[in-house]
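This report concerns a single protein chain. Please keep the sequence and the structure in view while reading.

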Amino acid sequence: IINRALVQHPVETRLPVKARLTFRGRPVVGSHGIFAEFGMTATKGFTDAIALLAASLETELAPTGPIPNRTQNQLLITSTALGSFGFELEEHREQELPLEEDSPVAQALRQAQALLRGAAAGSDDELTDVASGQDPRAIAAMRGFLKMLIDNEAVCAVSVGDQAFGFSDVGEVQRSLARLGQDNLHEEPQPFSGVFQGALPKRRTFEFRLAGTAEVITGKIGPGITDPSAINRHLDQPADIQLIETRVGQGRPRYVLNQLPNWT
């Protein structure tokens with residue numbers, strides 16, 4: 001009976017996320033074409049960043065070496081995008097996903113676009129929000145992509161679904177690279193003592209009250225913690241934790257918890 005009901009009412013699935021990556025500048029010949037070497041290098045730089053962002057959603061990345069789950073986090077080039085020359089991209093999926101579930105690649109495409117927009121036009125606090133929790137290796141890949149654009153006197157535009165962002169000129173790309181640079185985007189571990197006030201496992205966020213004060217830190221729970229609900233089994237129990245603090249320019253810090261304390 002149950003199987004018959006499932007056949008009659010199949011689970012709605014989500015269509016693959018589509019994106020457009022287009023370029024303007026010296027390597028682009030109007031809407032006619034793009035220099036092949038630049039096109040291949042630029043597309044690889046962008047897809048490498050997407051693969052790293054996608055992988056970092058599921059596991060902590062090693063500083064070097066192969067990108068985890070690279071085969072599962074592929075993008076397809078489905079067509080050329082005219083106007084400013086570029087490519088139509090689509091996430092590759094080996095199985096259907098429920099309507100409410102986003103794949104790591106879909107999330108990574110949106111994160112990449114948000115990073116580019118935040119670096120170009122966001123405040124320090126807005127960029128900190130986007131950059132917090134991103135793996136340093138993925139941020140470095142985005143820097144490499146921007147540097148490649150600058151070296152070739154080119155700009156890009158990225159559309160994901162109905163959201164679009166594009167650089168206006170190479171100067172804006174240079175300013176964005178500087179804002180994502182290690183001199184401006186600071187990320188370092190910080191120790192804290194106190195008690196957890198609670199966690200939202202689905203949203204992967206936590207609250208932590210500092211010892212001896214009423215100050216409460218909120219932050220994200222990193223992918224290395226497989227059971228975020230464990231926090232709620234140790235509320236108000238003293239703990240020493242280490243958080244990754246991210247700060248951009250003069251913006252307020254944001255925090256990520258990558259390891260649970262040893263409550264025993």
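Predicted model: local features only at pLDDT ≥ 70, side-chain atom pairs only at ≥ 80, totals over all residues.

Residues are numbered from 1 along each chain as its sequence is written, and side-chain values use heavy atoms, with hydrogens and water left out.

**The chain**

The chain holds 6 helices and 12 strands; these elements are DSSP runs numbered from the N terminus, helices being H or I with at least four residues and strands E with at least two. The C-alpha trace spans about 65 × 60 × 30 Å along its principal axes. Of the 264 residues, 42% are buried (under 20% relative accessible area, with exposed meaning over 50% and partly exposed in between, for a 1.4 Å probe and protein chains only). The accessible surface amounts to about 14,200 Å², and 52% of that belongs to carbon and sulfur atoms; the areas come from the Shrake-Rupley method with a 1.4 Å probe, and for residues only the protein chains shown count as cover. Among contacts (heavy atoms within 4.5 Å) between residues at least 6 apart in sequence, 67% join residues at least 24 apart.

**Helix packing**

Two packed helices are described by the angle between their axes and the distance between the axes. Axes here are lines fitted to C-alpha atoms, for helices over the stretch in contact, and angles run from 0 to 180 degrees between N-to-C directions.

Helix α3 (residues 104-121) packs on helix α4 (residues 124-131) at an angle of about 160°, and the axes lie 9 Å apart. The two helices are therefore roughly antiparallel, a term for angles over 145 degrees. On the α3 side, the contact is formed by Gln111, Ala114, Leu115, Gly118, Ala119 and Ala121, which meet Glu126, Leu127, Val130 and Ala131 of α4. By class, this contact has 7 nonpolar, 2 polar and 1 charged residues. Here Ala, Val, Leu, Ile, Met, Phe, Trp, Tyr, Cys and Pro count as nonpolar, Asp, Glu, Lys and Arg as charged, and the others, Gly among them, as polar.

Helix α2 (residues 36-56) and α3 cross at roughly 115°, their axes coming within 8 Å. Phe46, Ile50, Leu53 and Ala54 in α2 meet Pro104, Val105, Ala108, Leu109, Gln111, Ala112 and Leu115 in α3. The classes in this contact are 10 nonpolar, 1 polar and no charged residues.

| Residue | Element | Relative accessible area |
|---|---|---|
| Gln113 | helix α3 | 4% |
| Val158 | strand β6 (residues 154-160) | 1% |
| Ile241 | strand β11 (residues 239-248) | 6% |

Gln113 touches Val158, Ser159, Val160, Gln163, Ala164 and Phe165, when residues up to four places away in sequence are not counted. Under that same exclusion, the contacts of Val158 include Arg20, Leu21, Phe46, Gln113 and Leu116. Val158 and Leu109 are 49 residues apart in sequence, yet their C-alpha atoms are 9.0 Å apart in space.

Ile241, leaving aside its neighbours within four places in sequence, is in contact with Gln190, Pro191, Phe192, Phe196, Phe208, Leu257 and Pro261. Ile241 and Gly219 are 22 residues apart in sequence and 12 Å apart in space, C-alpha to C-alpha.

Technical notes
Parallel < 35°, antiparallel > 145°, perpendicular 65-115°, else oblique.
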